[in-house]
Amino acid sequence: MNLVLCHTTADFDTLGAAVGVTRLHPGTRIVLAGGCHPTVQSFLALHRDEYQLIERRAVNIDAVEALTVVDTQSADRLGPIAPWLTAVAARGGTISIYDHHSSEEVSLPATRVVVEPVGAATTLIAEQLQAQSVALTGAEATVMALGSHVDTESLHLASAA
């Protein structure tokens with residue numbers, strides 16, 4: 001099983017990037033670490049079935065082979081699922097990080113780290129999807145566009161602090 005992990009109080013950027021990862025790696029499921037921003041919670045109340053979400057309590061961590069973390073490099077931002085990284089790394093599983101916060105220090109065990117000073121983590125994933133000519137559904141494109149839109153303040157910010 002492969003999972004993509006969203007930070008606590010999930011915002012549209014972490015959700016959009018996570019949805020994109022599920023297209024890059026079919027079969028990957030999304031785990032929300034804990035809670036969502038109120039607008040994301042309202043959005044998911046209407047569209048949850050469109051995305052590859054799995055409840056945290058339904059995950060058998062012993063069956064996880066790969067983890068992808070989006071929109072953070074900090075274990076603190078993963079809350080109760082942070083220990084999953086150590087467990088997967090100890091078994092030789094792969095851990096990838098995609099983030100746009102160049103000011104954060106990597107505090108996660110990782111086999112691959114992609115950190116670029118762009119406006120949103122979703123941008124990093126969108127670039128890979130585009131390079132691989134992966135087509136998105138309307139629901140996938142919508143949440144990814146929301147991720148970029150919100151984190152860049154309507155495309156006014158070039159990068160994150």
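Predicted model: local features only at pLDDT ≥ 70, side-chain atom pairs only at ≥ 80, totals over all residues.

User: What is the largest nonpolar core, and which residues have the most contacts inside it?

Analyst: That core has 29 residues, and Val 70 is one of those with the most contacts inside it, along with Ile 30, Leu 32, Leu 44, Tyr 51, Ile 125 and Val 143. Strands S1 (2–6) and S2 (29–32) each give two or more residues to this core, and so do helices H1 (12–24), H2 (38–47), H4 (121–131) and H5 (138–151). H1 gives the most, with seven residues. Apart from this core lies another one of 19 residues, including Val 31, Ile 54, Val 64 and Ile 97. As a general rule, nonpolar side chains in soluble globular proteins tend to be buried together.

User: Why is Thr 68 called buried?

Analyst: Its relative accessible area is 9%, and buried means under 20%, so Thr 68 counts as buried. You'll find Thr 68 in strand S3. Not counting residues up to four places away in sequence, Thr 68 touches Leu 3, Val 4, Leu 5, Val 21, Ser 96 and Tyr 98.

User: How do S3 and S4 pair?

Analyst: Strand S3 (residues 66–70) and S4 pair in the parallel sense, over five bridges. For instance, Leu 67 stands opposite Ile 95 in S4.

User: Is Thr 111 buried or exposed, and how do you know?

Analyst: Thr 111 has a relative accessible area of 59%. Exposed means over 50%, so Thr 111 is exposed. Thr 111 sits in the loop between S4 and S5. Leaving aside neighbours within four places in sequence, Thr 111 is in contact with Gly 93, Thr 94 and Ile 95.

User: And why does Val 106 count as partly exposed?

Analyst: Val 106 has 44% relative accessibility. Val 106 is in the loop between strand S4 (94–99) and strand S5 (112–115).

User: Which residues form a nonpolar patch on the surface?

Analyst: Val 106, Val 113 and Val 115 do, with about 200 Å² of accessible area together.

Conventions:
Residues numbered from 1 in each chain as written. Heavy atoms only, no water. Core = buried A, V, L, I, M, F, W, Y, C linked by side-chain atoms within 4.5 Å. Buried < 20%, exposed > 50% of the residue type's maximum accessible area, 1.4 Å probe, protein only. Helix = DSSP H or I, 4+ residues; strand = E, 2+ residues; numbered from the N terminus. Patch = residues over 30% accessible without salt bridge, like charges linked within 9 Å, V, L, I, M, F, W, Y side chains within 5 Å. Areas by Shrake-Rupley, 256 points an atom, 1.4 Å probe, with all protein chains shown as cover. Salt bridge = Lys/Arg side-chain N within 4 Å of Asp/Glu carboxyl O. Contact = heavy atoms within 4.5 Å. Pairing = 2+ DSSP bridges.
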